[in-house]
Amino acid sequence: MNALTVEALTKTYPSFTLDQVSFTLGRGRIMGLIGRNGAGKSTTLKSILNLVSPDSGGIELLGMPFPGRETDCKQKTGVVLGGIDFFQHKRLEAVTAVTRRFYREWDQGAYERYLREFELDPRKKVKELSAGMRVKYLIALALSHKAELFLFDEPTSGLDPVSRDELLGLFRALVKDGTRSILFSTHITSDLEKCADDITYLKDGKVLASGPKEAFLRSFQYLRAAEDAEPLSLEDIMVRMERREFHV
């Protein structure tokens with residue numbers, strides 16, 4: 001059973017169309033959803049969660065049809081879309097007290113354990129947290145209701161290199177036992193090099209390529225080999241695809 005299956009997902013706006021987006025994310029794997037700003041990454045994530053209503057397409061989360069079993073799916077999904085932009089003057093313990101009421105399997109012991117592990121002080125106010133600590137807090141909330149699928153929108157954007165590496169290390173630890181999976185959007189190729197197992201590449205609302213990272217890279221290397229040059233990096237490939245030097 002896949003953690004996530006997206007089939008022909010379509011959403012049309014006056015100036016943009018998410019066009020027949022399809023990909024699968026296996027259990028225990030991390031997928032990077034990549035593409036330039038405006039490629040459709042955020043629209044894809046929001047459509048998966050029914051935060052915007054897709055026009056057509058099929059979505060299955062953890063073996064359950066979505067939105068047919070939306071409530072059950074969201075009980076098992078941890079979401080970070082743009083950080084915490086609400087309750088800036090509230091203490092973490094107050095935000096948590098409200099959040100925990102929405103989840104049937106809330107584990108207070110696990111929550112307190114993750115606070116200690118992430119060095120989060122529940123008495124601090126949201127506005128007192130750094131960008132990296134805010135993401136860690138949201139992950140702590142998700143882990144405390146036993147989420148098995150994590151959807152992150154640009155989680156490392158704005159982080160310093162040390163905080164970014166710590167977060168990517170946490171991603172790898174989350175999926176290590178094979179029960180949890182992560183889909184995260186990013187435009188930072190070094191993030192993908194360090195932690196992604198799979199890549200789905202979006203351009204102008206369409207999937208140009210999707211699959212295991214190593215196969216993704218290998219499929220383009222023959223073009224470079226003919227020039228007797230160094231193998232292409234992921235960033236090289238992205239630049240060439242944006243310039244339409246590669247057609248897939």
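Modeller: The answers below go from the whole chain to single residues.

Colleague: What kind of model is this, and how are residues numbered?

Modeller: This is a predicted model, in which local features need pLDDT of at least 70 and side-chain atom pairs count only at pLDDT 80 or more, while totals for chains, interfaces and linings use all residues. Residues are numbered from 1 along each chain as its sequence is written, and side-chain values use heavy atoms, with hydrogens and water left out.

Colleague: How many helices and strands are there in the protein chain?

Modeller: The protein chain has nine helices and ten strands. Helices (H or I, at least four residues) and strands (E, at least two) are DSSP runs, numbered from the N terminus.

Colleague: What share of the residues is buried?

Modeller: Of the 248 residues in the protein chain, 48% are buried. Buried means under 20% relative accessible area, exposed over 50%, and partly exposed in between (1.4 Å probe, protein chains only).

Colleague: Which strands form the open sheet, and in what order?

Modeller: Six strands form it, in the order β6-β7-β8-β3-β9-β10, with mixed pairing. Two strands pair if DSSP finds at least two bridges between them.

Colleague: Why is one side of β6 and of β10 left without a neighbour in the sheet?

Modeller: β6 (77–81) and β10 (206–212) stand at the edges and each has a single partner strand, so one side of each lacks a neighbour in the sheet.

Colleague: In which sense do β3 and β8 pair?

Modeller: Strand β3 (residues 30–34) and strand β8 (residues 181–186) pair in the parallel sense, over five bridges. M31 stands opposite L183 in β8.

Colleague: Turning to cysteines, how many disulfides does the structure hold?

Modeller: The structure holds zero disulfides, a disulfide being a pair of cysteine sulfur atoms within 2.5 Å.

Colleague: Are C73 and C195 buried or exposed?

Modeller: C73 counts as buried because its relative accessibility is 0%. C195 also counts as buried, at 2% relative accessibility.

Colleague: And helix α1, which of its residues are buried?

Modeller: Helix α1 (residues 41–48) is mostly covered, with six of its eight residues buried. The buried residues are K41, T43, T44, L45, S47 and I48. Just after α1, N50 takes a positive phi of about 65°.

Colleague: Last one: where does G169 lie?

Modeller: G169 lies in helix α6 (residues 161–175) and is partly exposed, with a relative accessible area of 39%. G169 and K194 are 25 residues apart in sequence and 8.7 Å apart in space, C-alpha to C-alpha.
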